Amino acid sequence: MNFVCQQCKQPLHLDASLVDLTPSAYDLVAASLPPSPSTSHGRQTSGAEKLAQLPAPPSVKSAWRNSQGPPSSPISSPAQRKTPQRAPMHPNESFVLLQDSVIRNIPSQLPATPHTKKPSFSKGRSTAAVAPVPPQEEPPHPNPSPLSHHLRSSLRLFNLLSSRTDLDHPLCAECTHILLSTLTRQLDETKKERDGYIAFEKEVKKEKEREGSGVNRLEAEAKIERLKEEERLAIEQLKGAEREHQQLEEELKSLEREEKALEEEEAEFWRQHNAHLLKSAEQVSQLAALRAAYAADSATLDKLERTNVYNDAFCIGHDGVFGTINGLRLGRVPGVPVEWAEINAAWGQTLLLLYTVARKLDFTFENYRLVPMGSFSRIEKTTGDKATYELYGSGDLHFGRLLHNRRFDFAMVAFLDCLKQLMDYVKSQDPQVDFPHQVVKDKIGEASVKQQFSQEEAWTRALRHVLLALKILLKWATNGSNG
């Protein structure tokens, strides 16, 4: 047998406390329920009222009601109508009211004898009445099933609840929770209504007491006038409070507008502040980059200032008896053939060095102009016949080359004159500069720079002295007081 909720029609699973309900618990539930609406009229009304007035325990009264059969039972639900009705009681049948301790000890199975009657458990009621039933109306149950007994007990309890309340039972947990919420709300409303009635009753009693104390009409009218005056003052105060409230609302709106304007001004300020911070950060970054570039450029400039470019461009040295400039030998000796191309290139570098030092010192030569052109350099005379002397030679022995070699000698003598002018200028600027070889006409250090009619060793020595003087000039021009 399955139970379903009488509201939502969902199948139910009974709790173990309902399945194993003891007779005393059933009596306690039945006694706590309100009386059935059908007991207010009918045949059994007077008997129920009389039973309720008796000073007996609830379990005894419940056992008495259960022993009265269907006429005294208020159960009228459809489930009860489907259950088999108890057979009518015979006049010769009797019952005995038992206590709870005796009911708990009743054995579940009694021996069946032809002269004893079985206790009735119709409708599953846990009653304390032992009523004999005629064998021909109710068939004997030698071994009743405990499950069917529990089901009948549960059904009997649900029928009792349905007959004593406005709702059919059983109910599921959700429907029971809704029912309890509704009843709680009704109880609160009823309590409020009761409190109102009580307050009203108190006021009525006070009025009656005042009327009984002899309050006259004049005092009542004076009180009414006083209350009216108080009401008028209260109304005026209320109107003043409303005007003040309206004024405060206007002030609040004005303050809100000012607050909004200040918020916009603050937002604009923070936008400008953020833009200024970004611009400042960008400028700081640019300044750091410029400082880093300045430091790198300063280091490069310092390095370049310490670097002597002239020493790299004009490297003067010696190779044995030869003076060299940039690795080119200047001069000739017997046994060491030096090509004239190398000698001419060395003379071109030598003339370029003299020209560079003079330009660095902003010195202008008298009577001569240097024209450095590599292996074909020349010196032009600016006064007199304005002749041009080629500063390069050749090893050919024909007559034309002899004349050219003579012009080559004139060019070397002019070069030596220009070197002497520059040496004198440097000595005039710095007397501490010392040149080891003096220049006198075509000789430097007692050796002539003329190649024609001279020994090759003396000519080579003279050219070596020329390179040494140029090296001293270059050093003074780059590292001395003029540097």
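**Close-ups of a predicted model**

Glu446 is exposed, with a relative accessible area of 72%. That residue gets its own view further down; the model behind every panel here is a predicted one.

**View 1. The protein chain as a whole, before zooming in.** The protein chain holds 13 helices and nine strands. Of its 483 residues, 28% are buried. If you take contacts between residues at least 6 apart in sequence, 61% of them join residues at least 24 apart.

**View 2. Helix H11 alongside helix H13.** Here we look at H11 (residues 340-360) and H13 (residues 456-479), whose axes come within 10 Å and cross at roughly 30°. Angles under 35 degrees count as roughly parallel, so that is the label H11 and H13 get relative to each other. As for handedness, H11 passes H13 in a left-handed crossing. On the H11 side, the residues that meet H13 are Trp340, Ile343, Trp347, Thr350, Leu353, Leu354, Val357 and Lys360. Their partners in H13 are Trp459, Leu463, Val466, Leu467, Leu470, Leu473, Leu474, Ala477 and Thr478. Sorted by class, this contact has 14 nonpolar residues, two polar ones and one charged one.

**View 3. Thr350, a residue of H11 in the contact with H13.** Thr350 sits in helix H11 and is among the residues there that meet H13. Is Thr350 buried or exposed? With a relative accessible area of 0%, Thr350 is buried, because the cut-off for that word is under 20%. Its side chain reaches the backbone oxygen of Ala346 at 2.8 Å. Setting aside neighbours within four places in sequence, Thr350 touches Ile325, Leu330, Phe415, Val466, Leu467 and Leu470. Val466, Leu467 and Leu470 from that set also turn up on the H13 side of the helix pair.

**View 4. Thr356, also in H11.** Staying in helix H11, we move along to Thr356. Thr356 has a relative accessible area of 11% and is buried. A polar atom of the Thr356 side chain lies 2.7 Å from the backbone oxygen of Leu352. Which residues does Thr356 contact once neighbours within four places in sequence are left aside? Those are Tyr310 and Phe314.

**View 5. Ser163 and Pro34, brought together across the sequence.** Ser163 belongs to helix H7, which covers residues 146-164. At a relative accessible area of 7%, Ser163 is buried. Between Ser163 and Pro34 there are 129 residues of separation in sequence, yet their C-alpha atoms are 9.8 Å apart in space.

**View 6. Lys9, with a positive phi.** Lys9 is not a glycine, but its phi is positive, at about 60°. You'll find Lys9 in the segment before helix H1 (16-19). Its relative accessibility is 52%, and since exposed means over 50%, Lys9 makes the exposed class.

**View 7. Glu446, in a loop between two strands.** Where does Glu446 lie? The spot is the loop between strand E8 (443-444) and strand E9 (447-448). Phi of Glu446 is near 65°, again a positive value in a residue other than glycine. This is the exposed residue from the opening, with its relative accessible area of 72%.

Note on methods. Residues numbered from 1 in each chain as written. Predicted model: local features only at pLDDT ≥ 70, side-chain atom pairs only at ≥ 80, totals over all residues. Heavy atoms only, no water. Axes fitted to C-alpha atoms, helices over the stretch in contact; angles between N-to-C directions. Helix = DSSP H or I, 4+ residues; strand = E, 2+ residues; numbered from the N terminus. Parallel < 35°, antiparallel > 145°, perpendicular 65-115°, else oblique. Left-handed = near helix turned anticlockwise from the far one by under 90°. Contact = heavy atoms within 4.5 Å. Nonpolar A, V, L, I, M, F, W, Y, C, P; charged D, E, K, R; others polar. Buried < 20%, exposed > 50% of the residue type's maximum accessible area, 1.4 Å probe, protein only. Polar contact = N/O pair within 3.5 Å; in protein donor to acceptor, adjacent residues only side chain to side chain.
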